[in-house]
Amino acid sequence: YLVLIQLFLGNSCRFIAKPCAINLGIQDSGPHRAQPNAILEKVFTSITKSPDGKRLEGLSKQLDWDVRKIQRWFRHRRNQDKPTTLTKFCESMWRFTFYFGVFFYGIRFLWTAPWFWDTRQCWYNYPFQPLTSRLYYYYILELAFYWSLMFSQFTDIKRKDFLIMFVHHLATIGLITFSYMNNMVRVGTLVLCLHDASDFLLEAAKLANYAKYQRLCDAFFMLFGVVFIVTRLGIYPFWILNTTLFESWELVGPYPSWWLFNGLLVTLQVLHVIWSYLIVRTASKALARGKVSKDDRSDVESSSEEEEVTSTSTKGILSTSSNGSNRLNGHVASGQWTGE
């Protein structure tokens with residue numbers, strides 16, 4: 001299934017996402033490339049990507065270049081490592097396609113499941129509950145997708161929230177695998193469907209953002225924020241955690257795996273609280289400015305963002321990091337565009 005997921009992602013980017021992006025006027029053109037310079041390249045790769053004022057002055061004397069010219073060179077060189085808007089559009093397109101499809105598949109499947117309407121049904125006759133083919137395929141498909149996210153995290157667009165997303169993917173894969181091995185698939189399907197409810201809205205907002213439909217982007221983002229907070233701060237703790245912490249204890253008892261299973265679920269809830277805070281902060285800033293902040297996880301720095309030179313130091317308006325992103329699975333970080 002992991003191989004099938006990867007084939008689906010590759011083909012969707014090539015035959016669906018890219019033509020859509022081109023039709024929307026998104027060009028496959030990268031940022032301006034810095035002119036070759038061995039000295040500056042060595043500083044960029046070995047010392048720093050954003051030199052301070054003292055180092056800029058030293059390089060200016062060594063190369064007989066104006067400080068502004070050196071600043072522009074480093075800005076262009078940083079931009080070279082950032083993906084184009086087309087690349088980001090394709091990434092969001094395949095994520096949107098999967099999240100949208102798997103969410104409505106899950107809703108259709110769970111609508112006729114008794115435990116969707118009464119969570120106590122998750123624990124009746126546990127662990128002797130049948131594993132239907134539809135439930136099996138739903139579970140394995142989700143597991144394969146999150147494994148693909150785990151692997152692609154090292155090769156996809158780099159993000160500043162790499163560590164927190166790594167923890168998120170580990171917790172998710174651990175929960176899916178652990179619940180499957182212990183036949184807790186009924187409550188597992190509820191967790192999966194709940195998490196898929198808002199993810200496709202965020203990807204839709206980013207698609208609109210890349211296509212420069214700002215009002216549509218803002219609408220999708222606000223809708224995403226509402227759905228995210230309702231599902232992850234409302235339904236998740238009062239519906240999911242309630243049944244795993246209290247109803248399971250009442251109906252099944254403190255079985256040995258109870259502590260680990262609920263520990264992973266509570267870890268997800270901690271991440272939900274962090275992400276919700278960041279989403280609310282981004283939304284409040286967006287309302288104050290009149291629009292949602294752009295996805296600056298890999299946007300190109302403009303010439304207006306050059307560093308201001310003083311007699312003591314020079315600092316960039318846009319700071320960079322080793323991961324080059326400001327986003328969470330598709331969620332918000334540092335008050336900007338956001339993962340999972």
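Where does T119 lie? I began with this residue and found T119 in the loop between α6 (114-117) and α7 (133-152). I note here that the model is predicted.

**Entry on T119.** Is T119 buried or exposed? I looked up its relative accessible area, which is 6%. T119 counts as buried because that value is under 20%. I then listed what T119 touches, leaving out residues up to four places away in sequence. The contacts are L190, W239, T243 and E247.

**Entry on the largest cavity.** Rolling a probe the size of a water molecule over the atoms shows where empty space is left. The largest cavity has a volume of about 130 Å³. I counted 13 residues in its lining, and those closest to the centre are L175, I176, G188, V191 and L192. Which elements give two or more residues to this lining? I found α7, α8 (162-181), α9 (185-210) and α11 (258-289). I sorted the lining by class and got nine nonpolar residues, four polar residues and no charged ones.

**Entry on the record.** I checked UniProt, where an unreviewed entry places the feature "transmembrane region" at residues 96-116, 136-155, 162-181, 220-239 and 259-280. Residues 162-181 are 100% helix and 0% strand, and I read 28 Å between the end C-alpha atoms. For residues 220-239 I found 100% helix and 0% strand as well, with the end C-alpha atoms 26 Å apart.

Conventions. Residues numbered from 1 in each chain as written. Predicted model: local features only at pLDDT ≥ 70, side-chain atom pairs only at ≥ 80, totals over all residues. Heavy atoms only, no water. Helix = DSSP H or I, 4+ residues; strand = E, 2+ residues; numbered from the N terminus. Buried < 20%, exposed > 50% of the residue type's maximum accessible area, 1.4 Å probe, protein only. Contact = heavy atoms within 4.5 Å. 1 Å grid on protein atoms, 1.4 Å probe; cavity = no way out; pocket = protein on both sides within 12 Å on 5 of 7 lines; lining within 4 Å. Points joined across faces, edges and corners; volume = space filled by probe spheres on them. Nonpolar A, V, L, I, M, F, W, Y, C, P; charged D, E, K, R; others polar. UniProt positions renumbered as here; feature names shortened; annotations may be inferred.
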